[in-house]
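Please look over the sequence and the structure first.

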Amino acid sequence: MALPVAEWRGRASRLWAALDPALRERLAAASLHDAVRLGCDLLRTEEEAALLRLCHQAPTDKEPEAASWYREQGNREFKRGNYQAALRLYSKAASHEPPGSPEVSVCFANRSAALLHLGHFEVCLEDIARAESHGYPDRLLPKVLLRKAECLLCLGKLQDAQDILGMLESKIALDRVMTTHLARLKKLSQLKVKLHEKERCPEPAREARGGIQGKSEIWEENNSISGASSSLSLSFDAERGRHLVASQDIVPGQSLLKEEAFVSVLCPGESFPLQDGEAAWDTRATNADLYCHRCLRQLLASVPCQGCSYAKYCSQACADVAWQQYHRTECSLGALLLTLGVFCHVALRTVLLAGFAEVSRLVGRSHSGDEDLQNPEARCKPLSEAPDAGAGTRGIPGCDSNGQYQSSYQALFHLLPHTEQHSPEHKFLCTLSVVALCKQLRAAGLEAAVLNQESPQQWSKPKTCETTSDELSPELKAVAEAMLRHVLQLQCNAQAITVMQELGPGDGAVVDKKPVRLATAFFPVLSLLNHSCCPNTSVSFSGAAATVRASQPIPRGQEVLHCYGPHQCRMRVAERQQLLSQYFFECHCRACLEELESGVKSVVSIRNSFCCPRCRAQMQGEEDTLCCSNEACATSASRENLSGRLQDLQQQIKKALDLLRVGKADQAVKMLLKCQMDAGNFLSPEHLLMGEMEDHLAQVYATLGKWQEAARHLKKSIEIVERHHGPSSVETGHELFKLAQILFNGFAVSEALSTIQRAEGILSVHFGPQCAQIQELQEMKACLSELPRNIFQRT
C-alpha cells in the first residue's frame, strides 16, 4: 500500500476538518519547511498513541510461538510430499526464531531436507551449514551429515562425500545405542554403494549446446547521462521540461537505458483477512516471503534478519549490506513503516542511503533561495541550440558542475515535488506521517544513526527510548522536510518494479504468468522519460535494475517516451486523462489528440462493447439504455442489466479457475464452455474477456494433456490479443510463448519451431536476448532440432 492504512488516513482527515479555516489556509500555502514546523505542533499525543495502536495490527517482532506453529505446519506438508510448501513454511518459522537458538538451527535443518527433495543441492548444503553454525543439536547431527553426503554425491564431489561418510561412520560407532541409528546405517550403506558406482563410472561431461547463451548486446555509454546509451541526449523546453531525445536513429529492441534504482522498497503484497476459526498466523506467501528485501531477487531459502521477522534476504551478504546501509535503523520500526505505507518507507530509506550530510546540504540550499530547488525547471533555457551535450546539460537541474546527469541523490532531490498542486488535505496527511515517523526515530534512540553520528560498534546495541523533549531537533526537522519532499515526489515519480509471477503451483507443462507490482522505487534517470499513451519504449526489470528498450523505430530528433500506466490499448481517452491527473498534467500525446479531436469512438470501447442478443451487432449509446446499431433490428437493453451479466460471468470464470487449481479440470472445462456460450450472447467477439476465456480453456486442456485442443483455443486468444495490443506487443509475445510450450509438449515440431521464432523476435525487443523466456525458447528449439527430420507431427 503506497499510502498509510485507512484508519490513519481517517484520523488525519478528521483532524484536518477540525482545524481553524485560517490555519488550513496557512498549511495549504506553506513551504515544505513551514509544513514540517506546523506538523510538529499539530501532531498531538493522542494521534501518536493511536498510530502505535495501529502498529499492533502489523507485528514484525520475532514470535517463538509463531515459529513453532509454522514449523509444525511445515512438517505436515513435508510428510504429504508438498516440499515447496514445506520450504516456505520452514522459512517463515526461521524468521520468527531468535538467532543462535537450537530452534532456528532445526528450522534450517528441516528446510535443507525439503531442498534436497526439490533437487537444490547447493542451497541444501548452505542450509546445513547454517544449522551447524546456529548450534544444531549433536544428537541429531548424523541425520544432517547423511543429507550432506547425499548432496555432495549428487553434485559429483566424491572425495568430500567420502570424507563425510567416514566421519558419520565414526560418529555412529562411538554411540553405544546402535539401534537408534539402524535406519541411518542402512541409508549410509546405500550411499556408499552409490559412491563406489560413481567412482567406477563417472558421468560424462555434458556438452554445451550452441546458441543457448543468446546474443550479446552492443552498448556504448553516454558521456553526459549515467546509464544511458550514447544514442540519447538530454534536452529541455518549457512545455515538456527535462526529457530525452534520440540523437541518432534507433531500431526496435535497442537498449537505451540501464539504471539501478537509487532506492527501492518491496511492496509487502496482499494481506489476507483471517477467517473465523483460522490460526493467528497466515501460511500464505506474499511478496515479503518470496523476494529479497534488498536486491528483489526471488527467494529460495531466505536468510532472516536477526532483529525482526519481516525482512528476509537471498544471502547473508545482502543481509549485511542492508543492515549497514539502512536496516539497522528500520529494523525496530517495521510495524510503523508497514502502517504508514510504502511511500513513507521509500522516503526514509532514501535519506538513509543519501546520508545526512548530503540531505542537509540540499535542504539548506532550498532554504537559501535557490530557485532551482524551489522550482527546478524555472530557470532552464531551451537546449536545442547547445553546441554539445556536455555544455548544454549544465543548465539542467540535477546535473553536476561538469554537466553530468547522474543517478544520484542530487538528481533525485531535483525531481518535481509539485508542492502547490497536491491537495492541502493530502499534503497534511503526508506531513503528519513523516513527522510521526521522525518522532518515533527520536523516541527509539535512532536519531544518532539517522544523522550518521553513530559508530559501527553501536549498530548492534539495543536502542533505548529517549523522553527528554517532545520537540524534534533542527537536524531531524531537516530530515522530515526531505522525507516530505520525497513522499510528494513519489506521486509523480515513483516507478513500479514489476515481475512476471507464476499463477498456480508452477509445476505444469505450460507455465502461466502475470505481471505483479513487486516494489516501489526512485530511478532518477528513468524519471526523465515523459509519458505517452502510445510509447516508443518498453521497460523491463531484473531485480532492482531497469532496462529501457526501443519498442519501435525512433528517428533522430524524436522524443523517447514511456507509458506511466494508462495505455491507448487498455482504456479510453477519458479514463486515461482521469488517471493521469495524479501527475498534474494533461496528456497531449498523439493517441489522445487523435481520439479527442476526431471525436471517433475509442477502439477499446468498440472491441470491449456489448453486442445485441438478437443479431449480434454492436450495442451503442451513452445513456442507461443501449440500442442495437443495426437499424433493422432496433433491439434495446439496459446498461445496468448487461453490466450485471458481465459481473456474473466473471464470477463463474473465477469459480472455474478455482476448480482447476484443486485438480478438477473436467469440471472446469464444462463450466468454462458454458461461460463461453453465455458470453457469446451479449459480448462482442473481440471483447478481451472472450480472449481470456480462450486462454483459460487452453490452460485446462494443457493440464489434461490435450495439446491439440489447447493450441486451438490459445490461437483464438492470440487473435483477440493482437487486435487489442498489436502483433508486436509484449502481450502477444507472452501468449506466443505459451503456445510454443503447448506445441512443444504436443510434438507439433514444425509449428512449434515457427512459433518459437516469432515469440523470440517479439520478446527480445521488449526484454533483450538474455531474458529467461528467450533462454527457455532457445532450449526448446535446440531440443526439437535434435529430433529426427522424418518425425511425424503428433498432437
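Which residues gather in a patch of negative charge on the surface? They are E622, E623, D624 and E640. A patch joins like charges within 9 Å, using residues with over 30% relative accessible area and no salt bridge. Lys and Arg count as positive, Asp and Glu as negative, while His and the chain ends are not counted. Each charge is placed at NZ of Lys, CZ of Arg, CG of Asp or CD of Glu. Areas come from the Shrake-Rupley method with a 1.4 Å probe, and only the protein chains shown count as cover for residues.

The model is predicted: local features need pLDDT of at least 70, side-chain atom pairs count only at pLDDT 80 or more, and totals for chains, interfaces and linings use all residues. Residues are numbered from 1 along each chain as its sequence is written, and side-chain values use heavy atoms, with hydrogens and water left out.

Helices (H or I, at least four residues) and strands (E, at least two) are DSSP runs, numbered from the N terminus. D624 is exposed at 63% relative accessible area. Here buried means under 20%, exposed over 50%, and partly exposed in between (1.4 Å probe, protein chains only).

**Salt bridges**

The structure holds 28 salt bridges. Each is a side-chain nitrogen of Lys or Arg within 4 Å of a carboxyl oxygen of Asp or Glu.

| Pair | N to O distance |
|---|---|
| D289 and K312 | 3.6 Å |
| D678 and K674 | 3.2 Å |
| K715 and E751 | 2.5 Å |

D289 forms a salt bridge with K312. D289 belongs to helix α12 (residues 287-290) and K312 to strand β6 (residues 312-313), so the bridge ties together parts 23 residues apart in sequence. Both D289 and K312 are buried.

D678 and K674 share helix α27 (residues 665-679). They are 4 residues apart, about one turn of the helix. D678 is partly exposed at 31%, whereas K674 is exposed at 55%.

K715 and E751 also meet through their side chains. This pair links distant parts of the chain, with K715 in helix α29 (residues 707-725) and E751 in helix α31 (residues 749-767), 36 residues apart. K715 is partly exposed at 32%, and E751 is partly exposed at 26%.

R11, R44, E46 and E47 form a network of salt bridges.

**An arginine pair**

R284 lies in the loop between β4 (263-266) and α12. R284 is partly exposed, at 34% relative accessible area. The C-alpha atoms of R284 and R88 are 9.0 Å apart, although 196 residues separate the two along the chain.

**Cysteines**

How many disulfides are there? The count is 0, where a disulfide is a pair of cysteine sulfur atoms within 2.5 Å. For C592, the nearest cysteine sulfur is that of C533, 3.6 Å away. C592 is buried at 0%. C783 is partly exposed at 29%.

**Backbone angles**

Most residues other than glycine have a negative phi. F584 has a positive phi near 60°. F584 falls in the loop between α23 (573-580) and α24 (590-598), and is partly exposed at 22%. F747 has a positive phi near 55°. The loop between α30 (730-745) and α31 holds F747, which is partly exposed at 33%.

Key:
Patch = residues over 30% accessible without salt bridge, like charges linked within 9 Å, V, L, I, M, F, W, Y side chains within 5 Å.
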